[in-house]
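Please keep the sequence and the model at hand while going through the numbered points.

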Amino acid sequence: MNHATWVPLHSSTTSHMIVGDFDGNGQQDVILDFPGYGLWMWKNNTSWVSVHAVDVTQLAVGNLDGSGGDELIADFPGFGLWVYRNGTTWTSLHGLDASAMTTVDLDDNGKAELVVSFPVYGVWIYRNDATWSQLHPLTAVTLAAGQLDAGAQGDLIIDFGPGVGIWTYRNSTTWSQLHALSAQALTVADFDGEGKDDIVISFGALGLWKYNKGAWTLMHTLGVGGLTAARLH
């Protein structure tokens, strides 16, 4: 807490964890999957609430309907994608399971799009909380989203795996290859505070690299298995 203090949250180990403001009160809640016990929410930093009894394979958070609160998107293996709305109601979004997913406002209309990679069927977008459309026929290994340029629209970073590499999809129009290699882990963060996100990628034995303004910079000689970004101070 406050970049200073460790506070125990729960004694059990989790398989997945994500945060969002699910009731629209301006305070972040934490969703955790305890294997064998399903999804639970640490709500308003005060109480535990059961969200679902079944374990998930993936979680994402985004404001899909443009309301004050976030929606939770969960992949229940064998049951497909479901959305948890207003902190109360589950609704089916798709019957297939995903290999990767993220949320981003691609058209700058105040509603987040859900971007999903379905094995064999490629990458699809769930737009304006209403319709599915295919973005790319290839299946993605990793999906990430950020603000990569001065445009108001969100952008995508998509790792299609070995042989195809990492690509960006900017302003809902333009594809460009970022790197020919596939990533071990990737994330985005605005390190210099200029309003554009940098891309941070772990290439395993080749180390941890940052992409900013068209240039690659080595951040660390060691690769990592996972990355996340946050404002810690």
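Predicted model: local features only at pLDDT ≥ 70, side-chain atom pairs only at ≥ 80, totals over all residues.

1. A salt bridge joins the side chains of Asp129 and Arg85, with an N to O distance of 2.8 Å. Asp129 belongs to the loop between strand E11 (122-127) and strand E12 (131-136), while Arg85 is part of strand E7 (residues 80-85), so the bridge ties together parts that are 44 residues apart in sequence. Both partners, Asp129 and Arg85, are buried.

2. How many salt bridges does the count give? The count comes to 3. Besides the pair already described, the side chains of Asp23 and Lys43 meet in a salt bridge, at 2.8 Å from N to O. This pair links distant parts of the chain, 20 residues apart: Asp23 sits in the loop between strand E1 (16-20) and strand E2 (29-34), and Lys43 sits in strand E3. Asp23 has a relative accessible area of 32% and is therefore partly exposed. Lys43 is likewise partly exposed, because its relative accessible area is 23%.

3. Lys213 and Glu194 also form a salt bridge through their side chains, with an N to O distance of 3.4 Å. Lys213 is in the loop between strand E19 (208-212) and strand E20 (215-220), and Glu194 is in the loop between strand E17 (185-189) and strand E18 (198-202), so the bridge ties together parts that are 19 residues apart in sequence. Is Lys213 buried or exposed? Its relative accessibility is 65%, so Lys213 counts as exposed. Glu194, at 38% relative accessibility, counts as partly exposed.

4. Asn63 deserves a separate look. Asn63 lies in the loop between strand E5 (58-62) and strand E6 (71-76). With a relative accessibility of 19%, Asn63 counts as buried, because the term applies under 20% relative accessible area. Its side chain reaches the backbone oxygen of Ser67 at a distance of 2.5 Å. Which residues does Asn63 contact when its neighbours within four places in sequence are left aside? They are Gly69, Asp70, Glu71, Gly110, Lys111 and Ala112.

5. Most residues other than glycine have a negative phi. Asn45, although not a glycine, has a positive phi of about 60 degrees. Asn45 is placed in the loop between strand E3 (38-43) and strand E4 (47-52), and its relative accessible area of 41% makes Asn45 partly exposed. Asp108, also a residue other than glycine, has a positive phi near 55 degrees. The loop that holds Asp108 runs between E9 and strand E10 (113-118). Asp108 is partly exposed, with a relative accessible area of 44%.

6. The last point concerns the surface. Which residues form a nonpolar patch there? Leu96, Val120 and Tyr121 do, and together they have about 320 Å² of accessible area. Leu96 is located in the loop between strand E8 (89-94) and strand E9 (100-104). Leu96 has a relative accessibility of 34% and so counts as partly exposed.

Definitions and conventions. Residues numbered from 1 in each chain as written. Heavy atoms only, no water. Patch = residues over 30% accessible without salt bridge, like charges linked within 9 Å, V, L, I, M, F, W, Y side chains within 5 Å. Areas by Shrake-Rupley, 256 points an atom, 1.4 Å probe, with all protein chains shown as cover. Salt bridge = Lys/Arg side-chain N within 4 Å of Asp/Glu carboxyl O. Helix = DSSP H or I, 4+ residues; strand = E, 2+ residues; numbered from the N terminus. Buried < 20%, exposed > 50% of the residue type's maximum accessible area, 1.4 Å probe, protein only. Polar contact = N/O pair within 3.5 Å; in protein donor to acceptor, adjacent residues only side chain to side chain. Contact = heavy atoms within 4.5 Å.
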